[in-house]
Amino acid sequence: MSQRKNKKNLVLVILLLLVVGMAVGYAALSQALVINGTANITAQWNIEFTKIEAGNLIGAEQASEPTYTATTATFNVNLLYPGAIAEYKVTVENKGNINAVLKSVDGIDTANSASPTEVKFSIDADTNDTLNAGNSKIYTVKVEWPASSEVVPETMSKTATITLNYTQAE
């Protein structure tokens with residue numbers, strides 16, 4: 001009987017050690033894993049108008065000096081007769097550190113369909129034109145009263161809002 005009792009005690013000790021080992025193993029494997037880290041983003045998006053100046057004025061006179069802010073460029077010109085043209089050089093600069101691409105130019109069609117329809121706006125900006133960080137582009141905005149026009153509009157005042165839509169270059 002003593003041998004049987006020893007075997008029982010041995011089995012109990014082994015089972016007890018097994019349970020304790022499993023508990024320690026579970027505790028070791030169920031620890032929370034903590035990962036600490038910091039990510040800093042230093043990207044800066046900053047595309048703006050930095051200059052606007054009158055170019056060719058043929059049969060046109062400035063009603064006031066052109067002005068600009070970071071996001072708008074404004075000029076006021078009088079076209080004196082059919083064939084008159086006013087050109088303005090508008091500088092756009094990428095002051096950020098992300099390269100940009102011109103995706104669209106909005107407002108030309110809207111402006112040209114408004115009265116007086118004889119006065120037309122245009123800009124020499126090409127879509128998909130890249131403007132790299134730290135660089136600038138000069139676009140020419142043209143306002144003209146075509147020489148072929150036989151109509152003298154009742155009102156010669158016309159406003160255009162032209163939007164240059166840039167997105168991040170790939």
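Tutor: One term before we begin: helices (H or I, at least four residues) and strands (E, at least two) are DSSP runs, numbered from the N terminus. Keep in mind also that this is a predicted model.

Student: Where is the place of Pro116?
Tutor: Start with the peptide bond that joins Ser115 and Pro116, which is cis, with omega about -10°. Helix α2 covers 108-113, and strand β6 covers residues 120-123. Pro116 therefore has its place, by the definition of such runs, in the loop between α2 and β6.

Student: Which pattern does the chain follow along the sequence?
Tutor: Two helices and nine strands make up its secondary structure. Read in sequence order, these elements give α-β-β-β-β-β-α-β-β-β-β.

Student: How many of the residues in the chain are buried, in %?
Tutor: A residue counts as buried under 20% relative accessible area. The chain exposes about 11,700 Å², and carbon and sulfur atoms supply 53% of that area. Of the 170 residues, the buried share is 26%.

Student: How far apart are the mean positions of the positive and negative charges?
Tutor: The chain has 12 positive and 16 negative charges.

Student: Which residues is Ala43 in contact with, leaving aside its neighbours within four places in sequence?
Tutor: Ala43 sits in the loop between α1 (2-29) and β1 (47-58). From Val152 it is 109 residues away in sequence and 51 Å away in space, C-alpha to C-alpha. With the neighbours in sequence set aside, the contacts of Ala43 are with Asn97 and Ile98.

Student: Which residue in β8 stands opposite Glu87?
Tutor: Strands of a sheet pair through backbone hydrogen bonds, either parallel or antiparallel. Here β4 (residues 85-94) and β8 (residues 136-144) are antiparallel, with nine bridges. Strand β6 is also joined to β8, by four bridges and antiparallel, and there Ser122 has Lys142 as its bridge partner. Opposite Glu87 stands that β8 residue too, Lys142.

Student: Which residue in β7 is the bridge partner of Ala100?
Tutor: An open sheet of three strands runs in the order β7-β5-β9 with antiparallel pairing. Its edge strands, β7 (130-131) and β9 (163-168), each pair on one side only. Two bridges connect β5 (residues 100-106) to β7, and in β7 the partner of Ala100 is Leu131.

Student: How many residues lie between β2 and β3 in their hairpin?
Tutor: β2 (residues 60-68) and β3 (residues 73-79) pair in the antiparallel sense through six bridges. Within this pairing Gln62 stands opposite Val77. The number of residues between the two strands of the hairpin is four.

Student: Is Asn128 buried or exposed?
Tutor: Asn128 lies in the loop between β6 and β7, and its phi is near 70°, a positive value in a residue other than glycine. Most residues other than glycine have a negative phi. Because the relative accessibility of Asn128 is 53%, and the cut-off is over 50%, Asn128 counts as exposed.

Definitions and conventions:
Residues are numbered from 1 along each chain as its sequence is written. This is a predicted model: local features need pLDDT of at least 70, side-chain atom pairs count only at pLDDT 80 or more; totals for chains, interfaces and linings use all residues. Side-chain values use heavy atoms; hydrogens and water are left out. Buried means under 20% relative accessible area, exposed over 50%, partly exposed in between (1.4 Å probe, protein chains only). Accessible areas come from the Shrake-Rupley method with a 1.4 Å probe; for residues, only the protein chains shown count as cover. Lys and Arg count as positive and Asp and Glu as negative; His and the chain ends are not counted. The place of a charge is taken as NZ of Lys, CZ of Arg, CG of Asp or CD of Glu. Contact means heavy atoms within 4.5 Å. Two strands pair if DSSP finds at least two bridges between them.
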